[in-house]
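Please keep the sequence and the three-dimensional view at hand while reading.

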Amino acid sequence: MPTFRYLDDLLYPRQLALHRALLRRLLPVWLLLSLVAGLVVWQLESAQIDHLVLNLSADAVQQFRQSNGSDFWRLPAAQQQARLDQLLPRTAFVGMRLFDVRGQALAECWREPIGHASLPAAFPDDGQSRQQALRQGDRIYVQSLVPLHDARGQRQGWLQGIYRVPPQTAQAIAHRLRDTLIGVLLVIAISTLAIYPVILSLNRDALRLSQHLLSSNGELLRVLGSAIAQRDADTDSHNYRVTLYAVALAEALPLPPREIITLMTGAFLHDVGKIGIPDHILLKPGKLDAEEFSQMQQHVAIGLQIISEVDWLAQARDVVAGHHERYDGSGYPQGLRGEAIPLTARLFAIVDVFDALSVHRPYKAALPLPQVLAMMQAERGSHFDPQLLDVFLALAPALHARYHQADTATLKRHISNVIQQYFRPHR
């Protein structure tokens, strides 16, 4: 027969799985922080680098002014190119262009080709000097737009000077930016690693608390189910047996672990509504008359009302509401049929009837196993889901041999093992 499996690793992470779960949460945070911090550092460093290279180009502008470059507008057009050719070697510029006050080019001179035709020459409206850092591949240039004035201070034109940051300086700038970014990313990584043990410890504490709560919930369900069962039976063994039968059938199908927990919750509480049924009906040794049976049927509605008061008991609803439904639609309280009946209710109906037929009740004697199996087979497709019944009938002899004659203490031990397997994460 199938054995109850430890499903902790499916419901709760083991130590390795806990590490993986934490890493799945921390890595996106680390990547996001690294991205944000990297962008911020890049912008700040780029601003500082631009400021640095602009200061370097300011020296070239000063050299131009000291070379009487502002006299361009006084020279005839034919001499402006020659004068520009003379001035360029005296400055740190790699290229210069002269414009009139309307922005028309008058002359230009270059030490090296840098694709200068595409360089922007947007003259500021306020007539003030402007500098702009430009990057072409691994080279850094600074464009300086310098206004040219006459002796009376009237602007006569513009000079566009292109300064190239020395290669060693550009390389140092690139290294500085790289090192700063690496440093920031390392700090974030180290910080993340430093808080990892703290988060891990908190998760372990939460896991231990969850373990305690889950185990307590399972034991509470067992005790509550036992108290309910003792109202209409000599012992609480019925609840233990039907729960063990139900879990064995669910594992044989197999059902997902969380659905098995739902099934177990319903199995423990399936008859909770009988608390509200009068003793003269609940304990009547003979067959109930129509009125009494109608009152007995109310235990389903009473049970649903009881479990609705507690959120975590709501998962028992399908079994509590549907374990008296019949596959052909002749059951109660709703007369559901076929797969309209929840799976856990269809499953539990089989094991509930199996145990009811197999044991002594005040109104009936216990039936031998072959007769029980024959009676249930006769209800295939009418009372029971055919496919579920076929699976259970294959398991029934072994389950009957193991649990039917077991005393309450033995059944309680088996139930406690199942609770630990399904309601308690592995240590």
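## Basis of the report

The model is predicted: local features need pLDDT of at least 70, side-chain atom pairs count only at pLDDT 80 or more, and totals for chains, interfaces and linings use all residues. Residues are numbered from 1 along each chain as its sequence is written, and side-chain values use heavy atoms, with hydrogens and water left out.

## Overall composition

The chain holds 13 helices and five strands. Helices (H or I, at least four residues) and strands (E, at least two) are DSSP runs, numbered from the N terminus. Of the 427 residues, 43% count as buried; buried means under 20% relative accessible area, exposed over 50%, and partly exposed in between (1.4 Å probe, protein chains only).

## Nonpolar cores

A nonpolar core is a set of buried Ala, Val, Leu, Ile, Met, Phe, Trp, Tyr and Cys residues joined through side-chain atoms within 4.5 Å. The largest has 53 residues, and F354 and F392 have the most contacts inside it. Among the elements that give two or more residues to this core are helix 10 (343–358) and helix 12 (386–403). Helix 5 gives the most, with nine residues.

Contact means heavy atoms within 4.5 Å. Leaving aside neighbours within four places in sequence, F392 is in contact with Y245, L249, I350, V351, F354 and L399. A second, separate core of 15 residues includes L88, M96, V142 and I173.

## A strand hairpin

Two strands pair if DSSP finds at least two bridges between them. Strand 3 (residues 130–136) and strand 4 (residues 139–149) run antiparallel and are joined by seven bridges. R135 stands opposite I140 in strand 4. Two residues lie between the strands of this hairpin, where G137 takes a positive phi near 65 degrees.

## Cis peptide bonds

Most residues other than glycine have a negative phi, and most peptide bonds are trans. The bond from L253 to P254 is cis, with omega near -10 degrees; P254 is found in the loop between helix 5 and helix 6. The bond from Y332 to P333 is also cis, with omega near 10 degrees, and P333 is found in the loop between helix 9 and helix 10.
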